[in-house]
Structures are given as C-alpha cells and as structure tokens.
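Please keep the sequence and model in view while reading.

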Amino acid sequence: MTYNRRPCRIDPVGAFFIFLRLDSQRAAAEQPDQARFDVMLAATGIIMGKDTIYRTAKTPVPPFEFDAAVADVFDDMIHRSVPMYGEIIRRQAQLVVRSLRPGTRVYDLGCSTGNLAMALCGRMPAGAFEMVAVDNSQPMLDIFEKRLHDAGRPAGITPLCCDIRRVNMERAGAVVVNFTLQFIPPGDRDALLKRIHEALVPGGMLLFSEKTVHPNQALSDLQVDFYYRFKRENGYSDLEISQKREALENVLVPETVATHHERLRRCGFSGIDIWLKWFNFCSWICTK
C-alpha cells in the first residue's frame, strides 16, 4: 500500500495522545515505553487539519456524513465537540487492558480514525491483542491504516470497511461502540445490541458512549445550553454550531438514558453502569 505524506504542521492528533498521558508517572508505570510511544505518534501519521467545515454559510446545509472532508479534520472536530473525549478513550483502553482474556478479540464498532486502537497500542505490546476495527467510512479507515503503518503496528489489528449491523462477531472479550449507535436507525439498535451480547464471552464487556437527551424539557434545555457553551469555549462560532446542528438533524438521533438502560436489559446485559457523565454525554460499561 502506498501512502502520501502530507505537509507538516501542528498535529492535534499528536496533542491528543500527549493528553492521554497527562498522568505521566502512572502511565509510565503501567507501560514503561508509553511516553516514548506517545512522542512517536505525535511525530508520525496523517496530519490533521482544523475543523472549519461549517465556518461559512451554506444554503442549504447538506446532511452530515463521514466523508473525506470530515475525516481530514475528524480528531480536531471530535475533541472540540465531545466533552472529555480524551478521558473516555484513555479509560476505555485501560479497561480493555485490565480485563481482556487470552483468546478473545476486541471489536471497535465505528472506529473512525482509530484512536482507541492507537491508545491500546501504547499500552500493550505488538501481538498482545487482536482487534477488528469497523467503520463504513473508507476515508476514516485510510487515515487509521496510515497511523498503524507509521507506528509499525499493523499486526493483530484488522480495519474493516463495513456496516456495523452486518459485521460478524465472535469470541469477543470487549466491544467498544463510541458515539456510533446514535447514527444507527432506532429500529435497528436492539438487533445490534443483541448480536453484541451474543458475541461476548461470559464476563465480556460492552463499552459505549452516546449523546443523550433528557426527558424533562427544562433539564434538556439546560444541558443543550451548556453543550453549546462548551463548543463556543472551543472556538466554534454560533454560525458553525447552528449549521452543524442542522446538518445532524435526523442523522444523529439521541435517546434518553432510560431508553438505553431498557434496551441493554432486554438484550441480556446483567451489569450496567454509567461511569462517566457530562450533561448530555454518557459513557457506559456493561457486562455479560
């Protein structure tokens, strides 16, 4: 496979992996070469641009999709749009390292540009885990594969361009679904969660994160207000916020926490816990 080197500039992806080791002493204790690996990631791989997709007025605003334009700025976009994203990835990687059993696989459904896989590579030696990383956006996977190539870590990690509703899963020790279920039609979500539960080995984990909506309108308005405040603090203008909201209309369909919990119980999960919550963003750990 041939890769094209892009112009060198400040790399927010590298900054992300440096953020992953804010607690550097403890991270180093977990994995002695963690700091060295993070520095390598900051110096190699695809150079991400700044998200300016909605900076100028669009008439009409097209529906949001994970195309090449989004892939090129994805890491900047998600860090400025999803509160505590770096913390989510770092803790999920630690959970996988702590609990993964020999002979089982990690599935990352909706893997995007591979942030979870790269975080695991920083904590586990080559060949120590097997991962199938699935996304239906080839531009995202192109960036992911470039990262793996530059990091010298392609073995054991299989990027797969596929609809996550169609992927075959078996002997799963951990399944990660970050901010992906919300893009699946609500009528298809039960079937996907049931298939994940069936694929997990006893004691296996589902780790997933979603944007949610509160059933109480006043609290929902409060959460949305603070979310838009978060985006403004991260440099997005009111025009960008408004156009992104319009682009996501009927594309991203959030649900209440109660709806998620009812589905998880229907699908057979015995342990369900929200380990992180920021207004209308939640991360779960669910066990079989």
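## Basis

This is a predicted model, in which local features need pLDDT of at least 70, side-chain atom pairs count only at pLDDT 80 or more, and totals for chains, interfaces and linings use all residues. Residues are numbered from 1 along each chain as its sequence is written, and side-chain values use heavy atoms, with hydrogens and water left out.

## Helix α9

Helix α9 covers residues 217-233, 17 residues in total. Helices (H or I, at least four residues) and strands (E, at least two) are DSSP runs, numbered from the N terminus. From first C-alpha to last, α9 reaches 24 Å, close to the 24 Å expected at 1.5 Å a residue. The expected span is 1.5 Å times one less than the number of residues.

S220, Q223, Y227, Y228, F230 and K231 are the buried residues of α9. Buried means under 20% relative accessible area, exposed over 50%, and partly exposed in between (1.4 Å probe, protein chains only). Down the axis of α9, the buried residues fall within an arc of 150°, so they line one face of the helix. The arc is taken from the directions from the helix axis to the C-beta atoms. A218 and E233 are exposed on the other side of α9. The buried residues pack against α4 (68-81), β5 (200-211), α10 (238-248), β6 (271-278) and β7 (281-287). Contact means heavy atoms within 4.5 Å.

N216 caps the N-terminal end of α9, with a side-chain oxygen 3.0 Å from the backbone nitrogen of A218. After α9 comes G235, with a positive phi near 95°.

## Loop residue T212

T212 sits in the loop between β5 and α9. T212 is buried, at a relative accessible area of 6%. Leaving out residues up to four places away in sequence, T212 touches P254, E255, V257, H260, N280, F281, C282 and W284.

## Helix α11

H260, H261, R263 and L264 are buried in α11 (residues 257-266). Down the axis of α11, these buried residues fall within an arc of 165°, so they line one face of the helix. Their cover includes α8 (186-199), β5, β6 and β7. Just after α11, G268 has a positive phi of about 105°.

## α4 and α7

The axes of α4 and α7 (residues 138-151) come within 8 Å and cross at roughly 45°. That makes α4 oblique to α7. Angles under 35 degrees count as roughly parallel, over 145 as roughly antiparallel, 65 to 115 as roughly perpendicular and the rest as oblique. On α4, the contact uses A68, V70, A71, D72, F74 and D75. On α7, it uses P139, M140, I143 and R147.

Note on methods
A polar contact is a pair of N or O atoms within 3.5 Å; within protein, one must be able to donate a hydrogen and the other to accept it, and residues adjacent in sequence count only if both atoms are side-chain atoms. Axes are lines fitted to C-alpha atoms, for helices over the stretch in contact, and angles run from 0 to 180 degrees between N-to-C directions.
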